[in-house]
Amino acid sequence: MEQTFHGSCHCGAVRFEADIDLDQGTSKCNCSSCAKGRFWKAFIDASALRMTAGSDHLTEYRFGGKTIAHFFCRTCGVKPFGRGETANMGAFYAINLACLDDLTPEALLAAPVEYQDGRHDHWENQPAEVRHL
Ligand SMILES: [Zn+2]
């Protein structure tokens, strides 16, 4: 069921709302960025995110193919979401589930998790080991 969640960075400068259906699954990936940031995320359509404060606090980081914009708060360094666009998914946001202030641990644990082998650019495959992600 789709719900509207309220998210923020650590210092609270960046605030947003996101419409997310956690039953559609969440994602963990072993790529160099997700692994270091422990980025447990949900993908949503670009139209499902609304900034409510702090757009001017976001700093953008890109690496590798530079197709994904990783946004982090320039004050506290927390990454609330990334944004990208692919032929398959269209324009999307990858929401950092840890930044959702009204998502309970129980609801997060009830959501299905899919794993991607981003480290080897085999996004459609599950990595051999996922317990550390
Ligand atoms: Zn912040």
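In which strand is Asp-19 found? Asp-19 belongs to strand β2, residues 15-21. The legends below describe a predicted model, in which local features need pLDDT of at least 70 and side-chain atom pairs count only at pLDDT 80 or more, whereas totals for chains, interfaces and linings use all residues. Residues are numbered from 1 along each chain as its sequence is written, and side-chain values use heavy atoms, with hydrogens and water left out.

View 1. Strands are DSSP runs of E of at least two residues, numbered from the N terminus. Asp-19 has a relative accessible area of 15% and is therefore buried (under 20%; exposed is over 50% and partly exposed in between, with a 1.4 Å probe and protein chains only). Its side chain forms polar contacts with the side chains of Thr-4, at 2.7 Å, and Arg-50, at 2.9 Å. A polar contact is a pair of N or O atoms within 3.5 Å; within protein, one must be able to donate a hydrogen and the other to accept it, and residues adjacent in sequence count only if both atoms are side-chain atoms. Leaving aside residues up to four places away in sequence, Asp-19 touches Glu-2, Gln-3, Thr-4, Ile-44, Ala-48 and Arg-50 (heavy atoms within 4.5 Å).

View 2. Cys-73 is buried at 1% relative accessible area, while Cys-76 is partly exposed at 26%.

**View 3. The aromatic pair Phe-16 and Phe-81.** The whole structure contains five aromatic pairs (Phe, Tyr or six-membered Trp rings with centres within 6.5 Å; planes under 30 degrees apart are stacked, over 60 edge-to-face and the rest tilted). The ring centres of Phe-16 and Phe-81 are 5.3 Å apart and their planes lie at 90 degrees, so this pair is edge-to-face. Because Phe-16 lies in strand β2 and Phe-81 in strand β8 (residues 81-86), the pair ties together parts 65 residues apart in sequence. Both residues are buried.

Notes: Helix = DSSP H or I, 4+ residues; strand = E, 2+ residues; numbered from the N terminus.
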